Amino acid sequence: MERGLRTLSERVGDAALHLKPGFQMSSSPKTLFQKIWDSHVVAEEPGAPTVLYIDLHLVHEVTSPQAFSVLKERGLKVRRPGRTVATMDHSIPTKGGYEAADEPGRIQLRLLESNAQANGVRIYGLDSVQRGIVHVIGPEQGFTQPGMTIVCGDSHTSTHGAFGSLGFGIGTSEVGHVLATQCLLQRKPKTCEVRIDGALRPGVTAKDIILAVLAQIGVGGGTGHVFEYTGAAIRALDMEGRMTVCNMSIEGGARAGMVAPDDKTFNFVNGREFAPQGAAWDKAVAHWRTLPTDAGATFDKTVTLDASTLEPMVTFGTNPGQGVAITQPLPQPSSLADANERAGLEKSLAYMKFEAGKPILGQPVDVVFLGSCTNSRIGDLRAAAGLLKGRKVAKNVRMMVVPGSQSVKLAAEAEGLDKIFKAADADWREAGCSMCIAMNGDQLSPGQLAVSTSNRNFEGRQGKGGRTVLASPLTAVASAVAGRIADPRPLMS
Amino acid sequence: MSAPKFSTLTSRCVVLPVQDVDTDQIIPARFLKVTDKLGLGEKLFCDWRYLDDGSPNPKFVLNQPEARGAQVLVAGHNFGCGSSREHAPWALVGFGFQAVISTMFADIFKGNAVKNGLIPVVIEPAAHAALVAQRAGQPDLEITIDLKSQTVSWLGQMPLMFPIDPFSRTCLLEGVDELGYLQKFQKQAEAHEAAHA
Ligand code: SF4
């Protein structure tokens, strides 16, 4: 190893020669991504990836233990504890208390606590009234801000791009790198504009936009790229809707998805605990206003979609790109020319026990899950409760409502949303990832079909043998009420 | 502290040509409650590999006799999509794999793989299809991967170049440790912090 290190340094010379002091001014038009990237380059050596500065590092219990171990082995500490925030979300029980978690889960939670304490890292632990899913509390507490580089050992870090930041998921080795150095080695990705023109019709939401994008480009369509979502339909979304869209960028293979910051962004951030205040706020906003993509800047690729043609979307298969408008029949494998794609579709339909060519509307549902970092914010709960009010969850259906954070839970209770859910016979829970990933005991039984507002319908994702249909909160509620996959629009008139 | 090293490998292979294999299939989430990297190889592809009673599924490729000792996985398009869990390459390496051949890898998986000495080898769809077809008639077919020349070859197939990040390649060939490399830039990081405070 020593020899290797020396060899590499000798070949490229002293790293200090390649120091890039701050932002490089340039007159050529730049994209939002390019601006953030350029202003975070710490160093670049020939032949090596960029050394990129990380403004905010979010940490959770599942992908950090082995990274903290590496620090311990090497006698290192977290370099910038003030830029590091830890939360417990994946394996925490949603019934409250440690007791409900299993032993390995408990060990993992305690280890995060002790690692955070030993390094002076702020942690939103089990007793915190602000604890929640990492991608919900980052924005909620004001940690997430425009122009930042944000990472987490979690692929849905793309969520934070909704604020005009560059947020992306990293592996555990990289978690260790950032803990120890606040830097990351990265090759610059390509850019892809995802332009959503037009206006959504009633009953069609941000979730349906992103499911439609994924159905169009497939789960590998964004590989190697960072998405920037543009267009009238994106500008019209509130911050929560933008988070829902950016959240699922990774489902198209793009590590990050971004939306240019605007007044909605600033209004959302303003006044939150960790947002800049006073003169620092004015200075920050002035800077944030320079971030949007310049006129004339170019993307490596562009994808477009007309929001006004969209209907509620549902997935029918075992990856998030296998989606259809809810009124459409399931696709026929024979319509696919590529043998691998055909085999993939056949495998998915067989797992889901769905028949090609048949409608997806009316398929019987066992469980409805309202939650996850995609759709568990107060706006999601309001929309769902609004549709559920005065109605009942069908007898054969178990509906779970899991707020994204304890703050969301308290806000919902203050508005009486919990009462609506409970009156409808839905199960009102504590915050956490819950049945999105089924690590905490909240899970499907083999064969059960769930309509879920989460982001992944992979085989077994919500419990071994479970079948997942991804949908918006509105579609989830309509399906809970009907006991079958149902279109929310008839309930809305 | 040692970084994994790699130079050349000749081995039989396992073929799993399913496209869009996500990391939830490679290692299901219920096995992520570990605080180390031990034992993940036994859980690799768990829900495809074992029957409900826990016995090996004889139809699954990892349970077939040729899989024993194989160090190369021939996978389908877009291998490793989904979650960023590094447990996926840990499980593959834990099983004994040292390389995966596909026509495309998901970005995060690819980055995680090289950090654990698992080589992501991308080849053209036509070559991939030819490899899968040839292996079907020749279960003991051996594949050679040479990182120095960045080539992959097998019986009857001239060495094919495959792309790999030059920095990753150097790290793997020379056992360079990425964290150690990053630590050299702490002065520059401090300068960045001072300039952006
Ligand atoms: S809610 Fe689901 S997707 Fe989001 S961070 Fe938790 S497990 Fe991951």
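1. Interface. In this predicted model, chain B and chain A together bury about 5700 Å². Carbon and sulfur atoms account for 59% of that buried area. On the chain B side, the residues that lose the most area to chain A are B:Lys33, B:Leu179 and B:Leu182. Together these three make up 12% of what chain B buries there. Counted by residues, 57 of chain B are in contact with 77 of chain A. The area figure is quoted because the size of an interface is often given as the accessible area lost when the parts come together.

2. Overall form of chain B. Eight helices and seven strands make up the secondary structure elements of chain B. Its radius of gyration is 18 Å, close to the 16 Å that the globule rule gives for 197 residues, so chain B is as compact as a globular protein of that length. The C-alpha trace of chain B spans about 60 × 45 × 25 Å along its principal axes.

3. Packing and surface of chain B. Of its 197 residues, 57% count as buried. Among contacts in chain B with a separation of 6 or more, 64% join residues 24 or more positions apart. Chain B exposes about 7800 Å², and 56% of this comes from carbon and sulfur atoms. Its charged side chains number 17 positive and 21 negative, with the centres of the two sets 3 Å apart.

4. Helix 16 of chain A. This helix covers residues 473-482, and eight of its ten residues are buried, so it is largely enclosed by the rest of the structure. The buried residues are A:Pro473, A:Leu474, A:Thr475, A:Ala476, A:Val477, A:Ala478, A:Ser479 and A:Ala480. Their cover includes four strands of chain A, namely strand 13 (313-315), strand 15 (367-370), strand 16 (398-401) and strand 18 (449-452). Helix 13 (378-388) and helix 17 (489-492) of chain A are also included in that cover. Just after helix 16, A:Gly483 takes a positive phi of about 75°.

5. Most residues other than glycine have a negative phi. A:Asp425 has a positive phi, near 75°, and is not a glycine. A:Asp425 sits in the loop between helix 15 (417-423) and strand 17 (427-428) of chain A. Its relative accessibility is 49%, and A:Asp425 counts as partly exposed. B:Asp20, also not a glycine, has a positive phi of about 55°. The loop that holds B:Asp20 runs between strand 1 (8-16) and helix 1 (23-26) of chain B. B:Asp20 is buried, because its relative accessible area of 16% is under the 20% cut-off.

6. A:Met248. This residue lies in the loop between helix 9 (239-247) and strand 11 (256-259) of chain A. A:Met248 counts as buried, at 0% relative accessibility. Beyond its neighbours within four places in sequence, A:Met248 is in contact with A:Lys207, A:Ile210, A:Leu211 and A:Leu214, and also with A:Pro320, A:Thr374, A:Asn455 and A:Leu470. For one of these partners, A:Ile210, the C-alpha to C-alpha distance from A:Met248 is 6.9 Å, across 38 residues of sequence.

Note on methods:
Residues numbered from 1 in each chain as written. Chains lettered and ligands numbered in written order. Predicted model: local features only at pLDDT ≥ 70, side-chain atom pairs only at ≥ 80, totals over all residues. Heavy atoms only, no water. Helix = DSSP H or I, 4+ residues; strand = E, 2+ residues; numbered from the N terminus. Rg over C-alpha atoms; globule rule 2.2 N^0.38 Å. Buried < 20%, exposed > 50% of the residue type's maximum accessible area, 1.4 Å probe, protein only. Contact = heavy atoms within 4.5 Å. Areas by Shrake-Rupley, 256 points an atom, 1.4 Å probe, with all protein chains shown as cover. Lys, Arg positive; Asp, Glu negative; His and termini not counted. Charge placed at Lys NZ, Arg CZ, Asp CG, Glu CD. Buried area = accessible area lost by both parts, 1.4 Å probe.
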